[in-house]
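Please find below my comments on this model.

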Amino acid sequence: MGRYVLRRLVWMPLVLLILVTVSFILIRIAPGGPFSSERQASPEVIANLNAKYGLDAHPVVQYGRYIGGLVQGDLGPSFKFKDRDVNQILATGIGPTAVLGGLATILALAIGLTAGTIGAVRQNSVFDYASMSVATFGMSVPNFVTGPLLVLAFSLTWKWLPVTGFSTDFSWLPFLAIVGLFAAWRVAEWVKLGPGRIRMGREIGAAWLAALLLATTAALTLLVKNPSLILPSVTLALPFASRIARLMRAGMLEVVNQDYVRTARAKGLAETTVVLRHALKGGILPVVSYLGPAVAGVLTGSLVVEKIFNIPGIGREFVEAALSRDYFLVLGVVVLDGALLVGFNLIVDVAYGFLDPRIRFD
Amino acid sequence: MRPIVTALLLAALAAPLLAGSGDFPTEGEDLKQIDWTKLYPSGDGWKKTEQVFVWNNEAEPETLDPALMTGTTEHNLALCLFEGLTTHHPATLQPLPGAAEWWEIGGGGLVYTFHLRKDGKWSNGDPVTAEDFRWSWQRALTPSTGSKYAEMFFPIKGAQRFFEWHPAEPAFPARGDEPAVAAKPAYDDGPRPSWKDVGVEVVDPLTLRVTLRAPTAYFLELAAFETLMPVHRATVEKHGDKWTSARTLVGNGPFALDVWKPRDRIEMVPNPSWWNRKMIRLARVVVRAIDDQNTSLSEYLSGGVDWIRSIPARRIDEAQVHPDYYVSPYLGSYFFRFNITRKPFDDVRVRKAFTMAIDKKDICERVLKAGQIPASGVVALGIHGYPELKGLTYEPVKARALLAEAGFPEGKGLPEVEVLYNTQESHKAVCESMVDMWKTNLGVKVQLKNCEWQVYLKDTHEMQYQVARAGWIGDYADPNTFLDMWVTDRGNNNTGWSSKKYDALIEQAAMEPDHAKRFAIFQEAERMVCVEDLPILPLYYYVNQGMLRPRVKGWFENVRDLHPLQYVCLDGPPGSGK
């Protein structure tokens with residue numbers, strides 16, 4: 001396992017290098033340049049700008065310099081936003097994008113896992129039909145439609161929520177309350193059971209529950225304290241939650257009919273225990289493999305959602321930088337997105353090993 | 001055009017003409033006596049309102065360094081944070097004293113002597129001196145600073161030579177390289193110029209003397225331009241490229257930078273050291289950077305901002321019925337270039353036929369709908385004292401005859417024609433209706449070719465087109481900004497058109513000190529471009545449109561969409577957007 005992770009980590013820079021090289025070539029062969037505009041600057045001015053940014057050298061030399069800087073963590077200047085370099089632009093943009101992506105992920109998981117599980121357990125019930133209809137809607141309607149519709153309803157018609165604005169006010173109070181309650185519950189349980197009967201497996205299960213509760217609490221606190229985050233995170237979470245719900249339902253349906261679940265039922269375990277302890281672990285696998293690229297996706301930002309709600313994230317930077325030929329900014333986003341994607345895929349593969357005992361890393 | 005919009009526009013055009021006449025002196029010591037209260041809204045209502053002005057600036061500024069700025073987004077911020085030698089009258093744009101308290105013009109309009117304020121201070125308390133201006137101008141003119149608008153200095157004697165003789169040092173000099181030595185500009189036989197050869201002289205700490213190359217009638221307006229604004233030397237030298245951060249920026253404008261959250265907002269508070277601080281009524285200015293026009297309009301309608309500077313094209317009908325909607329002429333014109341080096345547009349009769357077959361009024365009313373003004377010239381409206389060119393009109397019959405005369409009756413035998421434009425919905429709509437008109441009126445079939453912005457720019461500059469869409473925004477309110485680009489081989493000519501007579505006219509206008517004569521020369525030049533030789537097809541003049549809450553006072557529409565906020569105050573509760 002350790003060797004497997006190590007091997008993947010060694011390959012990572014190579015994957016990124018190939019990614020950067022291809023992107024470098026692509027952006028450089030695109031017609032136009034960072035200094036062209038409708039009001040064309042004089043050849044002297046263009047020559048000066050090229051010299052200032054080192055674009056007067058041979059492209060191979062420029063590539064060498066860029067890789068040299070990259071190794072030292074320097075992503076280069078931005079031609080468009082002259083007061084900040086690419087490192088600064090990405091550093092200020094990743095925060096809002098990560099907050100929004102994190103919120104959307106938590107919302108999507110909370111809603112999607114619950115709806116999918118109930119849908120599978122109560123297959124063909126009214127709840128199943130209703131939730132799957134909503135999920136189909138959520139998956140098929142693009143967020144450039146849902147976003148403005150939500151704005152129209154909640155901001156313009158009822159005036160409950162703001163359209164734009166980004167803040168991250170937070171309160172630790174609900175957080176601490178949950179931790180306190182949880183600790184009290186565990187201690188009460190231990191006292192009841194007596195020292196000899198505390199089992200590790202149960203405690204790990206409880207810790208998972210605590211983590212889920214804390215994540216949800218953090219998300220809800222953030223949403224209550226910053227109403228401007230509600231519409232963008234819901235817009236971003238909707239297709240995400242829908243996909244998770246469908247995957248979860250399908251995964252669970254496959255698992256609940258398998259022998260080991262039947263065995264669990266036959267042992268006379270309560271239905272909740274069967275579902276949560278036995279079926280869930282297997283049923284969640286399709287969701288986990290989907291989560292890797294999906295979380296990397298929301299964490300690198302959504303052009304559409306960031307535009308509709310004016311979130312100061314990095315989702316917009318990539319497209320806008322590509323259009324204005326802001327070479328180093330494009331490459332910076334590529335490096336960041338690439339690293340996130342490779343990283344999350346690795347996490348997913350490792351998580352698989354824990355969830356599915358059949359998978360071994362050699 | 002809707003009658004109401006027409007009326008609004010005519011009123012807006014007339015207002016500056018009325019207000020501009022003789023209210024304020026234009027030079028001399030009288031400038032010291034200006035009664036600034038005249039520019040402020042009267043009444044005390046504002047004292048009961050929280051003075052936080054929130055508006056949307058349409059985009060994230062590319063820089064806050066005035067020497068590097070190029071757009072209106074940045075210019076409106078520069079007006080808050082910095083102050084040039086002169087400033088603008090908020091409605092008429094007439095140059096008024098800024099960092100300079102008064103000035104003298106001598107030497108036949110060639111020598112400007114600016115007398116700076118004794119109480120002029122930077123936001124950190126340092127005095128604003130003539131040396132600050134000299135250093136800032138030298139910095140902007142030094143090629144390695146990377147100013148795209150360095151040519152704004154070229155009316156100053158020696159500035160262009162200085163700039164072109166001093167190329168930027170490469171960012172990564174190879175080991176052992178000699179320091180960059182200028183490749184001598186081809187036209188130039190003189191010795192290598194030094195800064196001493198540039199007509200900027202510090203007479204004493206508060207007096208700056210500027211000598212021009214030619215009497216440039218709009219120089220006082222240029223002196224308010226962002227490229228010519230001063231920067232604080234110690235700050236720039238200490239922090240380098242990063243001196244504009246909220247923590248470090250030092251300015252001499254009415255407001256000081258407080259918060260800069262990129263892509264979200266910039267917040268400014270009154271600059272306590274500014275010479276006229278007591279007149280500023282706003283307590284805080286919040287500048288949003290919402291670049292999506294739909295989001296911007298939603299934000300306005302939900303009550304989040306007091307002013308937005310644009311309306312999405314698809315929602316014009318909806319916006320026009322809103323009481324807060326405003327529209328006014330803008331210093332920009334929209335036209336099409338003909339590539340006159342290629343058939344069939346090497347023949348002026350074909351160019352004329354294609355121009356006269358277009359019903360511009362119809363395009364403005366039916367396609368654009370925001371009150372854009374059909375153009376027969378290229379100089380945008382709203383330049384004080386410059387009359388609108390009455391050029392070619394819509395005459396389909398005559399157009400057809402001209403095309404026949406050129407040897408293409410009913411379009412027969414005409415080579416395939418293609419119109420180039422950059423991918424955007426409104427351009428597409430305009431181009432499609434033009435194709436339609438050419439087909440109906442001339443019987444010719446024209447193809448459309450849309451390209452991504454950069455490809456479109458490249459094809460235009462390399463003249464890989466037959467007819468190409470174009471737009472031009474004036475840098476200052478003078479015809480020169482629209483006309484000098486058609487001089488032979490200018491970087492933005494891009495049509496292949498060249499006329500010795502035209503070149504001579506533009507040079508003559510540059511040397512002419514008399515205002516009326518100068519404008520007459522320009523009108524003759526404009527007639528050559530838009531009536532006689534037609535390297536371009538003028539289509540319409542731009543408009544500004546947006547939404548402004550009635551509680552915002554001291555804010556004026558003007559042709560450059562520039563809004564000095566020191567005159568603004570709020571009177572009334574925040575709008576609900578109803």
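**Notes on the model**

1. In β16(B), B:V467 is the residue that stands opposite B:V419. The strand β14(B) is joined to β16 (residues 467-473) of chain B by two bridges, and the two run parallel. Strands here are DSSP runs of E of at least two residues and helices runs of H or I of at least four residues, numbered from the N terminus; two strands pair if DSSP finds at least two bridges between them.

2. This is a predicted model, in which local features need pLDDT of at least 70 and side-chain atom pairs count only at pLDDT 80 or more, while totals for chains, interfaces and linings use all residues. Residues are numbered from 1 along each chain as its sequence is written, with chains lettered from A and ligands numbered from 1 in the order in which they are written.

3. Strand β14 (residues 417-422) of chain B also runs parallel to β15 (residues 446-451) of chain B, with six bridges between them. Here B:Q447 of β15(B) is opposite B:E418.

4. A separate open sheet in chain B has four strands in the order β4-β5-β7-β6, with antiparallel pairing. Its edge strands, β4 (100-106) and β6 (200-204) of chain B, each pair on one side only. Five bridges link β5 (residues 111-116) and β7 (residues 207-211) of chain B; B:Y112 has B:V210 in β7(B) as its bridge partner.

5. Between the chains, 42 residues of chain A are in contact (C-beta atoms, placed from the backbone, within 7 Å) with 44 residues of chain B. On the chain A side, α2(A) gives the most, with seven residues.

Terms used
Contact = placed C-beta atoms within 7 Å.
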